[in-house]
Each structure stands twice: as structure tokens, then as C-alpha cells.
Amino acid sequence: RLFQGWTRMRARAPILGGSFAIWGTLFSCCDCTLAYARRKEDPWNAIFAGGITGGILASRAGVKAMGKNAIVGGVILACIEGLNIAISRVLMPRFEKQQMEAGIPLDMLEPPQDPMRLTPSKGLVWEKSPTDFNQAHTGFDIDQVAQFDTYRDNWEEEEKKERERLDAAEAEASKNKSWYKIW
């Protein structure tokens with residue numbers, strides 16, 4: 001019996017995987033289209049996308065089946081989004097409070113700073129400290145775009161020198177120990 005179950009599972013797995021891939025792709029397309037059309041990123045996009053996806057996938061079975069599957073898809077996604085909201089509003093404050101009491105800093109999921117990126121009012125992020133900036137200056141400074149090219153060229157030269165230094169060290173190491181290789 002186990003062997004027969006295993007054989008059936010192996011025969012059915014590609015079909016189920018393909019169906020899930022089609023559903024996921026169609027859902028993502030609908031979700032992104034709704035986010036673009038509504039100019040909002042909220043749970044309603046996922047709920048409507050679930051309904052639309054259910055309806056589209058059942059379109060070959062007729063209008064009645066489309067309606068039923070659209071409702072089922074919307075309800076399922078509403079449950080998922082509701083659970084997500086409940087977790088974020090009920091459970092997360094408890095975890096954050098426990099972290100604060102334990103002295104663990106909270107990660108507010110802020111994006112990392114790219115040192116090569118020009119910021120609208122500050123220029124290159126790593127070049128100046130916040131005290132160097134004129135607080136009255138706001139907006140994008142076009143003069144700093146030309147400076148960016150200069151800094152990028154300097155960075156490329158430094159990178160080239162470092163690469164040459166590493167290559168020389170690797171050549172020296174290979175002379176001394178032929179079996180040793182630096183990656």
C-alpha cells in the first residue's frame with residue numbers, strides 16, 4: 001500500500017506543481033495590476049486578486065462556476081490577509097515588548113544605505129558627516145552629479161590597485177608553495 005501511494009504521489013506531483021505555478025503567476029499578475037491601477041498597496045489588492053484569479057481559472061466551466069470560484073478565491077485570500085493583519089496587530093507588539101524588556105534593539109526594517117547613491121539634499125552619503133551639511137539647503141544639487149563621476153573613477157582606481165595587490169600576493173604565494181592557492 002505504501003508503495004502504491006508513493007507511486008501515485010510521484011505521478012500526481014508535476015500536475016499539482018504546474019497548477020500551483022499557474023495559480024501563483026496569475027495571482028501575482030492580478031495583484032500587481034490592481035496595485036498599479038489603484039495606486040495603493042493594501043490587503044484589498046490581494047483579496048480582489050484572489051477572486052479574479054479564481055474566476056479566471058474556472059472560466060472554462062462556465063459563468064456560474066466562475067462566480068463561485070471567484071467568491072471562494074476572494075474569501076480564502078480575505079482569511080489569509082485577515083490572519084496576517086491579526087498577527088501583525090496582536091502578536092507583534094508582544095514580541096516587540098519582550099525584546100525591549102530584554103534589551104534587544106528592535107529592527108524597524110529600514111532599508112540599508114547605499115554609499116554610492118546621491119541623496120536629494122546631501123550628495124554622496126559617505127563623503128560628509130551630517131554636521132557638514134547646510135541645514136537650510138534642500139533639494140537636489142546638480143553640481144554633485146559631476147562630483148559623483150569623479151568619486152566613482154577614484155573608487156574604480158582604488159579597486160584596480162587592490163586587485164593588483166592581491167594578484168601580486170597570489171603570485172608570490174604560488175612561487176613559495178605551489179600547492180597553495182588564494183581564492
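**Entry 1**

I started with Phe-95, which counts as partly exposed at 45% relative accessibility. For my own reference, buried means under 20% relative accessible area, exposed over 50%, and partly exposed in between, with a 1.4 Å probe and protein chains only. A note on the source: this is a predicted model, where local features need pLDDT of at least 70, side-chain atom pairs count only at pLDDT 80 or more, and totals for chains, interfaces and linings use all residues. Residues are numbered from 1 along each chain as its sequence is written, and side-chain values use heavy atoms, with hydrogens and water left out.

Phe-95 sits in helix α3, residues 63–102. Helices here are DSSP runs of H or I with at least four residues, strands are runs of E with at least two, and both are numbered from the N terminus.

The areas come from the Shrake-Rupley method with a 1.4 Å probe, and for residues only the protein chains shown count as cover.

**Entry 1: along α3**

Next I checked the length of α3. Its 40 residues should span 58 Å at 1.5 Å a residue, and the end C-alpha atoms are 57 Å apart, which agrees. The expected span is 1.5 Å times one less than the number of residues.

Where does α3 kink? I see a kink of about 35° at Leu-91, shortly before the proline Pro-93. The bend is the angle between axes fitted to the seven residues ending at a residue and the seven starting there.

I then listed the buried residues of α3: Gly-73, Gly-74, Leu-77 and Glu-81. Their cover includes α1 (2–38) and α2 (43–57). Val-72, also in α3, is partly exposed at 44% relative accessibility. Its C-alpha lies 7.0 Å from that of Gly-51, although Val-72 and Gly-51 are 21 residues apart in sequence. After α3 comes Gly-103, with a positive phi near 85°.

**Entry 2: salt bridges**

How many salt bridges does the whole structure hold? My search turned up two, counting a side-chain nitrogen of Lys or Arg within 4 Å of a carboxyl oxygen of Asp or Glu.

One joins Asp-42 to Arg-38, with the closest N and O atoms 2.8 Å apart. Asp-42 is partly exposed at 22% relative accessible area, and Arg-38 is partly exposed at 30%.

Another links Arg-165 and Glu-162 at 2.7 Å, N to O. These two are three residues apart in helix α4 (residues 143–176), so about one helical turn separates them. Arg-165 is partly exposed at 47%, as is Glu-162 at 38%.

**Entry 3: the whole chain**

Last, I stepped back to the protein chain. I counted four helices and two strands, in the pattern α-α-α-β-β-α along the sequence. Of its 183 residues, 15% count as buried. The accessible surface is about 15,200 Å², with 61% belonging to carbon and sulfur atoms. Among contacts (heavy atoms within 4.5 Å) between residues at least 6 apart in sequence, 32% join residues at least 24 apart.
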